[in-house]
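Please open the structure in your viewer and keep the selection tool at hand. The tour below goes from one selection to the next and says what is there at each stop.

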Amino acid sequence: MNWNLARRAEKMNPSVIREILKVTERPGIISFAGGLPSPKTFPVAEFAEACARVLKDDGPGALQYAASEGYGPLREMVAAQLPWSVDPQQVLITTGSQQGLDLVAKVLIDEGSRVLVETPTYLGALQAFMPMEPKVVGVDSDDEGIVVDDLPRKAGSGADKARFLYLLPNFQNPTGRTMTEARRAALSARAAELGVPIAEDNPYGDLWFDAPPAAPLTARNPDGCVYLGSFSKVLAPGLRLGFIVAPKALHPKLLQAKQAADLHSPGFNQRMVAEVMKDGFLDRHVPTIRALYKSQRDAMLAALSREMKGLDVQWNTPAGGMFLWARLPEGMDAVQLLPHAVERNVAFVPGAAFYAQDGDARTLRLSFVTASVDEINTGVAALAAAIREQLARQTPQRLAA
Ligand code: PMP
C-alpha cells in the first residue's frame with residue numbers, strides 16, 4: 001500500500017532527546033541526558049493508599065468515563081494553589097502539560113502563523129507546534145530569559161502578528177535559567193502593548209532551591225496569557241496529568257480540542273491525585289524534592305569546578321529545577337563530542353537541538369537529578385576526559401589549517 005502522508009506528518013520528527021535516551025539505556029551509562037525526575041521522589045506508598053481509597057469510596061465512578069474539563073475537586077485544588085485569583089472553571093485538566101502544548105498549538109496556530117519562542121527553548125514544545133506548520137521565530141534571550149527589546153522586532157504585525165510567545169519563566173528547560181522580577185514586569189508590559197499573548201509553561205516553578213521565583217507572568221495579565229502546569233515534577237510523570245489555566249476567550253476551544261484528542265484525562269488518576277493532595281501533602285512533599293535536587297545540583301557544580309579546571313568550559317548555576325546549561329571551549333561541537341562521551345559511559349544532550357534557528361553547537365544540557373552523587377562525580381570526570389581528548393585531537397588539525 002502506498003500511504004499518502006498528510007503534510008503535517010512530514011513535519012513530525014523523532015525527538016533528538018528520545019534518540020539519545022536509547023543510547024543511555026545501555027547498562028553502565030551515566031546519563032545526564034534525560035529529563036526524568038528522580039524516582040526517589042515518587043510517593044509510592046501514598047499512591048498505594050490513595051488507590052485503595054478511591055476504589056473503595058467510588059470504584060465505579062473512578063473507572064467510568066468522566067468530564068472533559070477534569071475532576072471537579074482537582075480543578076478546585078489547582079485553582080486554589082495558584083498565586084493569583086483563578087476560577088476553577090478556567091482550569092482544564094490535561095494529559096500532561098505536553099498535551100496542553102498540543103492543544104494550544106491546535107487552537108492558535110494556522111499554517112504560516114508566527115510563533116515566538118525563547119532562544120533556546122523546550123524541544124517538546126517545538127515538536128507540538130511544528131505539525132501545525134507555524135513560522136517559529138526565536139526571540140533573543142540572555143541569562144534572564146527573553147530580551148524585551150527584541151520583542152517588537154519579532155512580534156510581526158497585521159496578519160503576520162505573532163499568535164503567541166511561548167516561554168518558561170522558571171528553571172527553564174533546557175538552560176535552567178530564571179526570569180527576574182524586573183524582566184517579567186517589563187516583558188509582560190511590552191507583550192500587552194504589542195498585543196502578543198503569552199503561553200507560559202511552568203512545570204518546574206515549585207522546584208526552587210533557596211527562594212521561590214517571582215510570580216508567573218499570567219498573574220500580571222491573566223487575560224493575555226494561557227498558563228500550563230504539571231503534576232509530573234511534583235508527584236510523578238507516569239500519571240500523565242497536567243493542567244491549563246485559560247482565559248474565557250480560549251477555554252471553550254481548548255476544551256473542544258481536548259475532547260477530540262482523548263475525551264478526558266484518566267479520571268482514575270485524577271481522583272488519586274486529588275486524594276493524595278487533599279491534606280496539604282504537597283506542602284510536605286515538595287520541600288523534600290527541593291532538598292534532594294539542590295544537593296545534586298551542588299554536587300554537579302562542585303564536580304564541574306574540580307574536573308573542568310584548565311578547560312574553557314562555562315556553566316551556569318540554576319536556582320531550581322533539573323537542568324544545568326554548559327558551553328564547550330571554542331571550536332568544539334557537542335554533537336561530535338557525544339559519541340566520545342558515550343564511549344566513556346556518560347551522556348548529555350547537545351544544546352543545538354533546542355534552538356528554533358541557528359543552534360549554538362558548543363552548548364549542552366546536563367540534568368543533575370537522575371544520577372546519584374557518586375555517578376555525578378564519575379560522570380563529570382568522564383565528560384572532562386572526553387573533552388580533553390577531543391581538544392587534543394582538534395589541536396593538530398587547527399595548527400595545520
Ligand atoms: N514543558 C516542559 C518545559 C517540560 O520540560 C516538560 C517535560 N519534560 C513538559 C512541558 C511536559 O511535561 P508533562 O507532559 O509530563 O507534564
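A polar contact, as the term is used here, is a pair of N or O atoms within 3.5 Å. With that in mind, and remembering that this is a predicted model, select the ligand and then D201, where a polar side-chain atom lies 2.6 Å from a nitrogen atom of the ligand. The ligand taken alone exposes 400 Å², and the protein buries 91% of that.

Now turn to the strands and follow the open sheet, in which seven strands with mixed pairing are arranged in the order β2-β10-β9-β8-β7-β3-β4. At its edges, select β2 (91–94) and β4 (135–138), each of which pairs on one side only; from one strand to the next, the twist averages 20°.

Within the sheet, select β7 (residues 164–167) and β8 (residues 198–201), which run parallel and are joined by three bridges. Here Y166 stands opposite A199 in β8.

Finally, bring in two helices. Helix α10 (residues 251–262) packs on the sheet, where it touches β2, β9 (225–230) and β10, and its direction makes about 20° with that of β2. Helix α4 (residues 72–81), by contrast, lies across β2 and β10 (242–245) and runs at about 115° to β2.

Methods
Residues are numbered from 1 along each chain as its sequence is written. This is a predicted model: local features need pLDDT of at least 70, side-chain atom pairs count only at pLDDT 80 or more; totals for chains, interfaces and linings use all residues. Side-chain values use heavy atoms; hydrogens and water are left out. Two strands pair if DSSP finds at least two bridges between them. Helices (H or I, at least four residues) and strands (E, at least two) are DSSP runs, numbered from the N terminus. Axes are lines fitted to C-alpha atoms, for helices over the stretch in contact, and angles run from 0 to 180 degrees between N-to-C directions. Contact means heavy atoms within 4.5 Å. A polar contact is a pair of N or O atoms within 3.5 Å; within protein, one must be able to donate a hydrogen and the other to accept it, and residues adjacent in sequence count only if both atoms are side-chain atoms. Accessible areas come from the Shrake-Rupley method with a 1.4 Å probe; for residues, only the protein chains shown count as cover.
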